[in-house]
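Open the model in your viewer and keep the sequence panel beside it. We will go from stop to stop, selecting as we go.

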Amino acid sequence: MIVITRINKNHLFLKTIPVANAGCPLCNARGKMEMTFYQLQLEAGWVRDTKKITASVCCKNCGRDVPVVRWDKELDTFFKAEKKKIKVNTSFKAGKIGKILIWLNILFFGAIFLLFTGMFIYHRIAPKQTAGTGASRDEQIRQSGLFAASPQPGDLILVYLFDDHKQILLKITAVDATADVVKAIASDKNIDVPANAADVPAADADFKQGKETSFSLTDYKNLRVTAPDHKRLGNVQMVYRK
Ligand SMILES: [Zn+2]
């Protein structure tokens with residue numbers, strides 16, 4: 001939240017000293033200049049005494065304040081030299097409103113911190129949650145990649161078909177590395193992505209004669225299902241091995 005109210009600048013009087021032999025830029029009288037030093041204080045619900053030192057110059061001859069823009073080199077040099085000699089105490093005091101604002105800020109940013117920590121922890125834990133009794137989805141996908149890299153007869157493949165916009169389940173019946181072909185048989189059951197191999201609703205009776213198909217072995221290893229002419233037919237969603 002951080003609420004910034006208007007900040008007041010106060011100039012705390014430190015001391016007034018004569019500026020020996022300096023001439024007045026306004027009336028040219030010499031030896032009549034006095035410089036007054038102040039410490040800058042900032043105030044806004046809290047009070048902060050800063051290190052910053054300011055000064056004003058007054059001429060006792062013409063009685064006028066010499067604005068900073070009219071200071072000559074002599075006044076500038078004198079100011080810089082004197083400023084270095086002055087030691088000021090810096091401090092910070094939170095007033096009643098300031099304390100309330102500080103606490104509100106702590107609560108506000110603390111709540112944001114907790115929220116982000118919570119989200120971070122949640123996202124670290126969430127993928128580890130398992131669906132049913134099986135492995136996590138990330139683990140399944142990793143395993144599918146391994147299974148696809150070395151296909152075996154009996155592997156169940158869940159394929160998303162681009163043209164039909166639907167998922168089908170295939171069962172590998174033969175792998176012919178020489179011909180670069182995987183032979184499979186399709187099930188006509190409509191299934192969603194199951195949590196693990198045991199949950200795949202596939203009995204031998206689901207894979208009927210006449211539903212045989214084949215696709216490229218090389219492409220299958222990259223989780224793609226292609227026709228013999230390598231036309232993309234679909235993507236491998238998941239591979240199950242019982
Ligand atoms: Zn003067």
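Predicted model: local features only at pLDDT ≥ 70, side-chain atom pairs only at ≥ 80, totals over all residues.

Residues are numbered from 1 along each chain as its sequence is written, and side-chain values use heavy atoms, with hydrogens and water left out.

**Stop 1: the zinc ion**

Select Cys24, Cys27, Cys59 and Cys62. Their SG atoms are the protein donors of the zinc ion, 2.2 to 2.4 Å from it. Donors here are N, O and S atoms within 2.8 Å of the metal (3.2 Å for Na, K and Ca); water is not among the atoms, so sites may look incomplete. Along the sequence, the donor residues follow the spacing C-x2-C-x31-C-x2-C.

Now check the angles. The 4 donor atoms subtend 104 to 115 degrees around the zinc ion, so the arrangement is tetrahedral. For four donors, that term requires all angles to lie between 85 and 135 degrees. The ideal angle for four tetrahedral donors is 109.5 degrees.

Next, colour by accessibility. Buried means under 20% relative accessible area, exposed over 50%, and partly exposed in between (1.4 Å probe, protein chains only). Cys59 is buried, at 0%. Cys62 is partly exposed, at 27%.

**Stop 2: the cores**

A nonpolar core is a set of buried Ala, Val, Leu, Ile, Met, Phe, Trp, Tyr and Cys residues joined through side-chain atoms within 4.5 Å. The largest has 18 residues. Select Val19, Met33, Met35, Phe37, Val57, Trp71 and Leu75, which touch the most other members. Strand 2 (33-43), strand 3 (46-59) and helix 1 (73-85) each give two or more residues. Strand 3 gives the most, with 4. Helices (H or I, at least four residues) and strands (E, at least two) are DSSP runs, numbered from the N terminus.

Zoom in on Phe37. Beyond its neighbours within four places in sequence, its contacts (heavy atoms within 4.5 Å) include Leu12, Ile53, Phe79 and Ile86.

A second, separate core has 17 residues, among them Ala148, Ile172, Val182 and Ala186.

**Stop 3: two positive phi values**

Most residues other than glycine have a negative phi. Select His165, in the loop between strand 6 (156-161) and strand 7 (166-176). Its phi is near 55 degrees. His165 is exposed, at 60% relative accessibility.

Finish at Leu223, in the loop between helix 4 (217-221) and strand 10 (224-226). Phi of Leu223 is positive, about 65 degrees. Leu223 is partly exposed, at 30%.

How values were computed
Tetrahedral: all angles 85-135°; square planar, octahedral: opposite > 155°, others 65-115°.
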